[in-house]
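I'm opening my notebook on a chain that is new to me. I'll jot down what I look up as I go.

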Amino acid sequence: RALIRDSISQIRHFLKRHRIPHRACGSLVCQWDWDQVGRDKSYTSPLSRVLAQSVDAGDTHASRLNPGELREAEPNVSPFCKGAVHIPGEIVLDPWLYSIA
């Protein structure tokens with residue numbers, strides 16, 4: 001997570017300098033039904049680990065979303081998604097435009 005955060009902070013300058021369109025919309029790390037298959041009660045949710053890693057890496061605005069909050073934020077998400085961690089600092093860019101630059 002720390003490496004991702006560091007690379008995002010560096011690529012922002014590159015994208016701006018080369019006028020490559022991008023959007024700072026964040027990302028969702030989702031948990032699915034099948035992530036729980038065969039787990040006992042002592043199992044730690046992958047979302048708990050992702051959130052802890054994100055916060056440790058400096059993403060202090062990362063937050064866990066329950067299924068209702070997730071669907072409010074992203075109405076078209078699959079009903080098989082059981083929750084998510086939202087990491088607001090991440091960006092999306094068009095890979096075709098990036099390769100042209």
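This is a predicted model: local features need pLDDT of at least 70, side-chain atom pairs count only at pLDDT 80 or more; totals for chains, interfaces and linings use all residues.

Strand 2 (residues 27-32) runs antiparallel to strand 4, and the two share six bridges. I picked out one of the contacts: Ser27 has Ile87 in strand 4 as its bridge partner.

Next I looked at strand 3. It also pairs with strand 4 in the antiparallel sense, this time over three bridges. On this side I noted that Val85 of strand 4 has Arg64 opposite.

Then I wondered: is strand 4 largely enclosed by the rest of the structure, or left open? I checked its residues, 81-87, and five of the seven are buried, so strand 4 counts as largely enclosed. A residue goes down as buried when its relative accessible area is under 20%.

I moved on to helix 4, which covers residues 95-100 and includes Pro95. Is Pro95 buried or exposed? I put Pro95 down as exposed, because its relative accessible area is 55% and the cut-off for exposed is over 50%.

The chain has a mean pLDDT of 81, and 79% of its residues are at 70 or more. Where is confidence lowest in the chain? I found the lowest mean, 70, in helix 4, while strand 3 (residues 63-65) has the highest, at 95.

Definitions and conventions: Residues are numbered from 1 along each chain as its sequence is written. Side-chain values use heavy atoms; hydrogens and water are left out. Helices (H or I, at least four residues) and strands (E, at least two) are DSSP runs, numbered from the N terminus. Buried means under 20% relative accessible area, exposed over 50%, partly exposed in between (1.4 Å probe, protein chains only). pLDDT is the predictor's confidence in each residue, from 0 to 100. Two strands pair if DSSP finds at least two bridges between them.
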